[in-house]
Every structure is written in C-alpha cells, then in structure tokens.
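The following note sets out some points for a first reading of the structure. Please keep the sequence and the 3D view at hand while going through them.

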Amino acid sequence: MPSSPRRIPYPGAIRINVQGAFIVDDEPSRPPSSVGLRTADINGNGKNTHNRDIVLPYHTADVSHIAVDIGGSLAKLVYFTRDGDSIGGRLNFTMFETENVEDLFAFMSKLISAKRQSISEGSEETDVTSTEKKKVYIMATGGGAYKFYDRMRKELDVEICREDEMECLIVGLDFFITEIPTEVFTYSEQNPMSFVEAKADIYPYLLVNIGSGVSMIMVSGPRQFKRIGGSSLGGGTLWGLLSLLTGAKSFDEMLDMAAKGDNTNVDMLVGDIYGADYGRIGLKSSTIASSFGKVFKKRLESADGVQISDQTGNRIELYGTTHENEVDVDMPRPARFRAEDISRSLLYAVSNNIGQIAYLQAQRYNLEHIYFGGSFIRGHPQTMNTLSYAIKFWSNSEKKAYFLRHEGYLGAVGAFLKRQPTGWGRRNSMEEKRESTI
C-alpha cells in the first residue's frame, strides 16, 4: 500500500504536503508562477540573496494567505506560488528593511492582487465558497504586526491575523528541523556545512534567535516553550555601532567589510600580552583578550606621530592627530582605523558574547542542542564559526551549535503554517494521524 503524503504535524495548521520537498540551490531559469510574480521580479529593496526557495512538488491545494514577520530592523515575507505547469509549487522568501516599509507594502499589494486573481480562477477545494476563494489573508507576527496593523489593513484591504512571535518562531523552527532536507547544518572551518538529517525526536532544545536583540527560548515539546533569557546586544547593536564607526549603508555591506577585515589590528590578543599561548588555562595566542583593546594605545601613538602598521607590514591609514586643547572634528572613526578591521572586531565581540550566554543557558537547563536563528547570521562564515567555536569550547564539545539555511525566516514560516483556511482539515484527529503515517 503506498505511503500517505507527509504533512506538517501542528494542530490547526495548514496541511502542506512536504513529500519530496527540497531547497533550490542554483536556478538559472524559473518557470513563471501562477501569481505572475517571482522573487527575482522584486522592485525596490526586497532581497533574496541569502535564502533559497523551497520546492513542494506534490502540494496541490490552494494557499490563500501570505505571511510576514516585521521586526525592528527587517521584515521577512513568505508566500506560496505555483511552479509553472507542474502540479506543485514553492515557498518563496524575501526581506525588506523595516524603515522601507512602504516598499514591503507595495510588494505585498502586488502579491495580493495577483493571488486574488489566481484563487478566483479555480480551486481544488470544492467545499470552499466562491466568496472565500477570493479572500486573501495576511498572517503577521513580530512587533510590526502591532505597530503597522492599522496601516496594513487600510493600505492592503485584507484581513490581518496577528500571531504570537515566540510561538511562530518555534513552529517555524520545528518545521525546518523535522521536514526539510539539507536545511539544518553544523559549521566548522574544516567542514563549513555538515548537514543534519531531518528527524522527529528533537526535544528538548535551545533556540537562540538573534534579531535586533537576542531571545533564548527553551523548547520542551510542540508549542511548549519558555523564554529563559536574552540580551540587548544583538544585530541592532552591530548595525547601530558600525553605522557610527564606518561608512556602511546596509547590514550586508557591514558583513562584507567584516569578511575582509583583520581584527588583530584592533583587538588585544592573548599573544599580545603573553607573547605566546597561555597553555595552562587553554588559551591560544590568537584568543581575543580584549575587544578593541589596541585602539587607545594606537590613538596615543598616532597622536605622537608614530606610524602604525598591521601584522603584514602595511601602514594603517590614520587621518589627523589630537593634541592638548585641540578638538579633533575630522575623525569619524577612532584614529581612522580601517572600517573592515572595526567591522570584524565588533562582529566577533557581539557573536562571542551571544555564544557564551547561549552556552550558560544551555548548561543551566541541561540542553544539548542549540539552534541559532535570526537575520543577524545571514550565512556569514565568521559569525557561524564564532558561535560554533564558543559552544564547543565552553562545553568541552558536549553541546552542539546548529544553523539553518533559512535562519531569518523562522517567525514568518511559523505564521504561514498557522493559517487554517476554510474547508481545510485540522491535524491530529485520529484519521489525520493514520493518514500521515509513513
């Protein structure tokens, strides 16, 4: 007897057929979708450079909603489209900076109009009334779901369903962990992306969601969670400080600069203090002893006219000097250190802090598996390596750090999955449980 299609296991959630689901890695061309919109067609500030569509080749039912997670810095959007002439479709992912919320609403308006037209052309759900077929819903989560609620209703002319942010994060993460192949991975410099098989037995675990700030959530079962800690030092901190200290105009530009930087020109290392490793307590000479620890000394040296070079012998660019009773008005960066070096140093400082707090929370609650999510990570190697190393170092390799390819979309996907369209069956009835058995 053939196995039944796999569907997401959340009560009251939409029934998505995830059989054969896969993440699109490289896609030179894409068939037009039934809504007439593709992520590549976005005008404005929408971006899809760090995430890939998820193809659902056997999902045939109509989807009457769009999900959005509006945070303090970024708004993340998830929506479903048909895949050309095939029977299935795909989940699309894109994001906007929250300060450009008008671009987000303009894009959502296009999606809504096209989706209404698509839904009205026909649906396989024959028990849905024609009126309901034409309805499009917005599933909204994050602080912006409340901040922009009235504006969304007015400008988009749709029903807005607001969902709890923390619950959406957990629903989204559980979906990725259990249902999507090649989504979850571990990171190391030797093996940058070691995929973890999707599995059903995932609890308990710790979710460290890094957005503008940081939330740490202990998850003990489906929709059973507790926020056990967090930090105000998150992505917004990095973004804010680097916007003051460098000329970067976007978070992606800051991460690009960090990738090119050398933090040893800015940070004080164990080797700068001891001249070698401090083996007795397990510290390598390359370990950061003090973030930005060299800045003050180098500023003094530059004030005395001393030329400063990095470890490769290249002279560090220093503009102007500061003398007694003089006001230095031409130094937007401290002593004019390279923006790339400042970016890498601050990225390490924020990431190290998050990694150590995450370990302490996992240790306190005896949690072995730690998942890092949120738009702060962006698949950035230095960030993932720092977080992974911190967990491995402090736990003596007893705990593991996990990352996701759609790390910034947990909340949006969770909100997407929570929509229960009219006429669609609910999960977890006895009949549904038997149907979903593989």
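1. In this predicted model, both Phe372 and Phe403 are buried. Their rings form a stacked aromatic pair, with 5.6 Å from centre to centre and 20 degrees between the planes. Phe372 belongs to strand 15 (residues 369-373) and Phe403 to strand 16 (residues 400-404), so the pair ties together parts that are 31 residues apart in sequence.

2. Phe372 and Phe403 also belong to one aromatic cluster, together with Phe185 and Phe195. The count of aromatic pairs comes to 16.

3. A pair with another geometry is that of Phe393 and Trp394: the ring centres are 5.1 Å apart and the planes stand at 85 degrees, so the pair is edge-to-face. Phe393 has 29% relative accessibility and therefore counts as partly exposed. Trp394, at 38%, also counts as partly exposed.

4. Seven strands form an open sheet of mixed pairing, in the order 1-2-5-4-3-6-7. At its edges are strand 1 (22-23) and strand 7 (159-162), each of which pairs on one side only. In general, strands of a sheet pair through backbone hydrogen bonds, either parallel or antiparallel. Strand 1 and strand 2 (residues 54-56) run antiparallel and are joined by two bridges; Phe22 has Val55 in strand 2 as its bridge partner.

5. Helix 4 (residues 149-156) lies across strand 3 (65-70), strand 6 (137-141) and strand 7, and runs at about 155 degrees to strand 7. A further contact to inspect concerns a charge and a ring: Arg162 lies over the face of Tyr149, at 3.8 Å from the ring centre.

Note on methods: Residues are numbered from 1 along each chain as its sequence is written. This is a predicted model: local features need pLDDT of at least 70, side-chain atom pairs count only at pLDDT 80 or more; totals for chains, interfaces and linings use all residues. Side-chain values use heavy atoms; hydrogens and water are left out. Two strands pair if DSSP finds at least two bridges between them. Helices (H or I, at least four residues) and strands (E, at least two) are DSSP runs, numbered from the N terminus. Contact means heavy atoms within 4.5 Å. Axes are lines fitted to C-alpha atoms, for helices over the stretch in contact, and angles run from 0 to 180 degrees between N-to-C directions. Rings of Phe, Tyr and Trp (its six-membered ring) pair if their centres lie within 6.5 Å; planes under 30 degrees apart count as stacked, over 60 as edge-to-face and the rest as tilted. Buried means under 20% relative accessible area, exposed over 50%, partly exposed in between (1.4 Å probe, protein chains only). A charge sits over a ring if NZ of Lys or CZ of Arg is within 6 Å of the ring centre and within 35 degrees of the ring normal.
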